[in-house]
Amino acid sequence: MFTRRTALASGALATAVLATPLHALAQGKKDSVTLALTLEPPGLDPTAGAASSIAEVTLYNIYETLTKINPDGSVSPLLAESWEVSPDLKTYTFRLRKGLSFHNGEPFNAAAVKFSFDRAGGDKSTNKDKRLFASLTTQVVDDYTVVLLNKDIEPDLLFLLGQATAIIVEPKSADTNAAKPVGTGPYQLTAWSRGASITLTAWPQWRQAAAIKIRRASFRFIPDSAAQVAALLAGDVDAFARVTPRSMAQFKDNPRFQVVVSGSRAKTILAINNARKPLDDVRVRRAIAAAIDRKAVIQGAADGLGVPIGSHYVPGAFGYVDTTGINPYDPEKAKRLLAEAGVKLPLTLTMTLPPAPYARQGGEVIAAQLAKVGIVSKLQNVEWAQWLSGTYGAKNYDLTLISHVEPFDLGNFAKPDYYWGYRSPQFDQLYEKIKHAARPADRARLLGEAQRLLAEDAAHGFLYQPQWVTVAHKNLRGLWKDMPIFVNDLSALSWS
């Protein structure tokens, strides 16, 4: 797993495209692959939207970053050959790879890095990590040397610079990346059939093009769990990352497939709109938390593949503390809290559910639990684009079931305009201290305090840390075992 020490020590489609049937593999190794995703990306620029599905298609395939996050969470060089970090953890000197270019022929250099980071932190930025980049000052020493000056201490910066929000973009094409992505990566966009598939093909000019085993990759979008199973069994797709867990039993003993159960840093939560009445009352939020049986939700939403959490932090992360005992399952307590808050029952709330099966299935379980304490949940199923625009963008919701997959996103609770509507001067002060804590022991202690505060404030109904299931053809190699971030690294795939 990723640690601060690891990071600082690591220096170094055409719509008719179909997958080759499984039986054809016997005729020789394939150089193409068809992958499936539950959600279609709204665009192909990860600096312009928060959807993790963007990175699942583009990161390390079309776009590259200075550093690369590996499946075990460690960090290694990518566009940067090496780096040095000052003792105070505020100055990072990167030495860049020479002789590289973007897909449109423009050179990759220090100027492109400065443009990318200045753009990510600028006034007009829509980057979800804008706050991070706004704290960075990028200095060009020469064409292949860049210095980053950080206002704050961020021991995880090398990891963060390997995420999709930190891609290096080509200045002339940056504004059109959502539809016509241009990067330095090993693949280019060939076709995008909206609502159906995206096809990427290998870029012949990539620096290690000869080593690429997969020449063409197609991503198909299949939100329905029954259709996911059917596509795999029919051989229409070769691999399905984050397939619905309840589908796993059908493949576990099937010799045609491999089933990979991966860890994650994700937090599945019942997000609460803290800015809406009566949800702005901590007693109401605590009542919601007390009404939820996490174990039953994990079973119903994820077929038991999850670990209960009590705050927006997961076991295995640096500074984790167990806060599940702060708001335990207690329906009678939930009723008392609602009465204390003066809530007239039944309280009717809208629960907005994106299309992912864990959300639709988990929403039904939670609605039944809330009903037992007098809270009526009106389930509102929406498509992913609607969730991004209406729930995340316009903040038009009461409750929503969602999995936040970013490893280091505790800082979202300090963002005044974030879609949760959570505001706490005490948390803001704590987070500022976390950012400036140089000693690991101090940082761990402060992280623990932040987790406990979020739990005590019942900022959300914190549910579980999911485990993700990938089902793939038995001969496909190079799949990620663990998922510190969500990518499909096509250059690592091959057929045996």
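Trainee: Quick one: which residue lies over the face of W468?
Mentor: R242 does, at 5.2 Å from the ring centre. The cut-off for a charge over a ring is NZ of Lys or CZ of Arg within 6 Å of the ring centre and within 35 degrees of the ring normal.

Trainee: And what lies over the face of W192?
Mentor: R194, at 3.5 Å from the ring centre.

Trainee: What kind of model is this, and what pLDDT do local features need?
Mentor: It is a predicted model: local features need pLDDT of at least 70, side-chain atom pairs count only at pLDDT 80 or more, and totals for chains, interfaces and linings use all residues. Residues are numbered from 1 along each chain as its sequence is written, and side-chain values use heavy atoms, with hydrogens and water left out.

Trainee: Switching to salt bridges. How many does the structure hold?
Mentor: There are 24. Each needs a side-chain nitrogen of Lys or Arg within 4 Å of a carboxyl oxygen of Asp or Glu.

Trainee: Where do the partners E84 and R95 lie in the chain?
Mentor: Their side chains form a salt bridge at 3.4 Å, N to O. E84 is in strand β4 (residues 80–85) and R95 is in strand β5 (residues 91–96), so the pair links distant parts of the chain, eleven residues apart. Helices (H or I, at least four residues) and strands (E, at least two) are DSSP runs, numbered from the N terminus.

Trainee: How does the accessibility of E84 come out?
Mentor: Partly exposed, at 47% relative accessible area. R95 is also partly exposed, at 34%. Buried means under 20%, exposed over 50%, and partly exposed in between, with a 1.4 Å probe and protein chains only.

Trainee: What about D398 and R276, how far apart are N and O?
Mentor: 2.9 Å, in a salt bridge. D398 sits in the loop between α12 (384–393) and β17 (399–404), and R276 in the loop between β13 (267–272) and α8 (282–290), so the bridge ties together parts that are 122 residues apart in sequence.

Trainee: Is D398 buried or exposed?
Mentor: Buried, at 12% relative accessibility. R276 is partly exposed, at 27%.

Trainee: Which helix holds both R445 and E449?
Mentor: Their side chains meet in a salt bridge at 3.2 Å, N to O. Both lie in α14 (residues 440–456), four residues apart, about one turn of the helix.

Trainee: Now rings. How many aromatic pairs turn up in a search of the whole structure?
Mentor: 20. One of them is F251 with F257: centres 4.9 Å apart and planes at 80°, so that pair is edge-to-face. Rings of Phe, Tyr and Trp (its six-membered ring) pair if their centres lie within 6.5 Å; planes under 30 degrees apart are stacked, over 60 edge-to-face, and the rest tilted.

Trainee: Are F251 and F257 buried or exposed?
Mentor: Buried: F251 is at 0% and F257 at 9%. Y397 and Y419 form a tilted pair, 5.8 Å centre to centre with 45° between the planes. Y397 lies in the loop between α12 and β17, and Y419 in the loop between β17 and α13 (425–435), so this pair ties together parts that are 22 residues apart in sequence. Both are buried.

Trainee: What cluster do the ring pairs form?
Mentor: They link W384, W387, Y392, Y397, F413, Y418, Y419, W420, Y422, F427 and Y431.

Trainee: Which element gives the most to its lining?
Mentor: α12, with three residues. The lining of the second largest pocket has 26 residues, and T126, N127, K128, Y392 and Y418 lie nearest the centre.

Trainee: And how big is the largest cavity?
Mentor: About 220 Å³. It is lined by 18 residues, with S52, A55, K128, A164 and E406 closest to its centre.

Technical notes
On a 1 Å grid over the protein atoms alone, a cavity is a set of points where a 1.4 Å probe fits but cannot get out, and a pocket is an open set with protein on both sides within 12 Å along at least five of seven lines; lining residues have an atom within 4 Å of a point. Grid points are joined across faces, edges and corners, and a volume is the space filled by probe spheres set on the points.
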